[in-house]
Amino acid sequence: MDSKAPDLAVRHLSVRYGEQVALSDVSLDLEGGQVLALIGPSGCGKSTFLRVLNRLVDRSLEVRYEGEVVLGGIRILDPDTDLVALRRAVGMVFQQPSAFPFSVFDNVAYGPRLQGIRSSHRLRSIVESSLKKAALWDEVRGKLRRPAASLSGGQQQRLCIARALAVAPRVLLLDEPTAALDPLSTTKIEELILSLRGDYTLILVTHNLQQAARISDVTAFFRQGLLVEIAPTREMFTAPKCAETEEFLTGRYE
Amino acid sequence: MLRQSFRSELDQLDQELIRMGALVEEQIRRAVRSLTGRDVVLAEQVVLDDDRVDAMEMDIERRCLTLLALQQPLAGDLRIVSTILKIITDLERMADHAVDIAKVTLRLREELFVKPLIDIPEMARLSSSMVRLALNAYIHRSLDEALTMIRLDDDVDHLYARIFDDLQNLMRERPETVLQATHLLFVANYIERVADHATNLGEWVIYMVTGERKDLND
């Protein structure tokens, strides 16, 4: 994957868990550097879609997929895809902050160390720049040796983003990244996502429609494993094309 | 449950909007009737009742802003609330023109009209009926009704052009009528503006129904 934020092209993607269809014939395109929000009711397939993009879905039992997903020119569903390289390029942030039981510094240095970086000077500079990108540096610069657990929930979530950024990914997957956070921390994460836009391709699952409206360029609405509609966010939230999208956005969805 | 209270608030807003529209329509009709009948008392009433229109506008506006803040409507719901907000602004401006016309009645109270007013009442009848048709189109969420209403603006424009020519000729032939004719020219212009605002209402209904903004005032 080159240094530009990668484009995403999905063609006829279907995913099954055993007999259960999680995604059915999904096709979409996303320009690199944009923020894509995935919305839809629980069980609609949006989280499965997210987990296909770093092949985390492979960990599920009896999973089978068809179709093609091309991320930055690489066909990531090919059997010989280097999953370690893919997951380095495609970082992920989960709903619950998942800080490791280490210090702030060691959390962020974890990935680079796994990659074999030993120079303490290099590690310090990676930790600092990652924490700065994650808008956390000013709050933790004097506390790098403290346990990550001493940070607030919102700070821990930004720490997780810093940790993901430390291995220099090109894509960030965010699975309801602010669902467990208070409004102020949510605002900080949203501003952070906006600041990463352009340099990274960001794909966000959210149940907060206003959040999708605030920070995404493109929104995709899923329902029962189908991609119902994908459109520029400002069009989707003011005048969606599909009646089903309209019903979902106006709360009349059955 | 939330959505249910949102729907019922929207229904109530629709009722308020119809009441405001009916009052504005009535204000325009009464203003022109005060002029043709040289009814100073009626004209003063029109001026006074403008406060009622303003109060209704502020009340509906406040309720729309509360809905936006508390319910954060999206898609079609968002278009409905923004359409109401735009409609009340146009209605309030129409009501201001009714006041303008009533004030002409008060200014011309001592003047005898040189000829009976025919085209001006006709123009006012058309324009005020556009207001009602526009609100019907809003209530019925009807693109067709909005487009049909907007077409009436052409008839209003024709009448306006004719009144303009007639009054110009009158002023040329009988210079002593200049004061009166100038005021009547203003009245015709106010009524023409009412029809333009009604056209705006139609455009907002079209936006609400289709999601597309069109400029049909020309």
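Does Val167(A) count as buried or exposed, and at what relative accessibility? At 16% relative accessibility, Val167(A) counts as buried (buried means under 20% relative accessible area, exposed over 50%, partly exposed in between, with a 1.4 Å probe and protein chains only).

## Ground rules

This is a predicted model, where local features need pLDDT of at least 70, side-chain atom pairs count only at pLDDT 80 or more, and totals for chains, interfaces and linings use all residues. Residues are numbered from 1 along each chain as its sequence is written, chains are lettered from A and ligands numbered from 1 in the order in which they are written, and side-chain values use heavy atoms, with hydrogens and water left out.

## Around Val167(A)

Look for Val167(A) in the loop that runs between helix H6 (153–165) and strand S7 (171–175) of chain A. Helices (H or I, at least four residues) and strands (E, at least two) are DSSP runs, numbered from the N terminus. Setting aside neighbours within four places in sequence, Val167(A) is in contact with Arg88(A), Gly111(A), Pro112(A) and Gln115(A); contact means heavy atoms within 4.5 Å. Val90(A) is 77 residues away from Val167(A) in sequence, yet the C-alpha to C-alpha distance is 9.6 Å.

Two of those names turn up again in helix H3 (residues 104–114) of chain A, where the buried residues include Gly111(A) and Pro112(A), along with Val104(A) and Phe105(A). The buried residues of H3(A) pack against helix H4 (120–133), helix H5 (137–140) and H6 of chain A. Just after H3(A) comes Gly116(A), with a positive phi of about 100°.

## Around Asp217(A)

Another loop of chain A, between helix H8 (209–215) and strand S9 (218–223), holds Asp217(A). With a relative accessible area of 19%, Asp217(A) is buried too. Its side chain makes a polar contact with the side chain of Arg197(A), at 2.7 Å. (A polar contact is a pair of N or O atoms within 3.5 Å; within protein, one must be able to donate a hydrogen and the other to accept it, and residues adjacent in sequence count only if both atoms are side-chain atoms.) Beyond four places in sequence, the contacts of Asp217(A) include Gln34(A), Val35(A), Pro232(A) and Thr233(A).

## Over to chain B

Chain B has six helices and zero strands. Along its principal axes, the C-alpha trace of chain B spans about 70 × 30 × 20 Å. Of the 218 residues in chain B, 52% are buried. Take the contacts in chain B between residues at least 6 apart in sequence: 82% of them join residues at least 24 apart.
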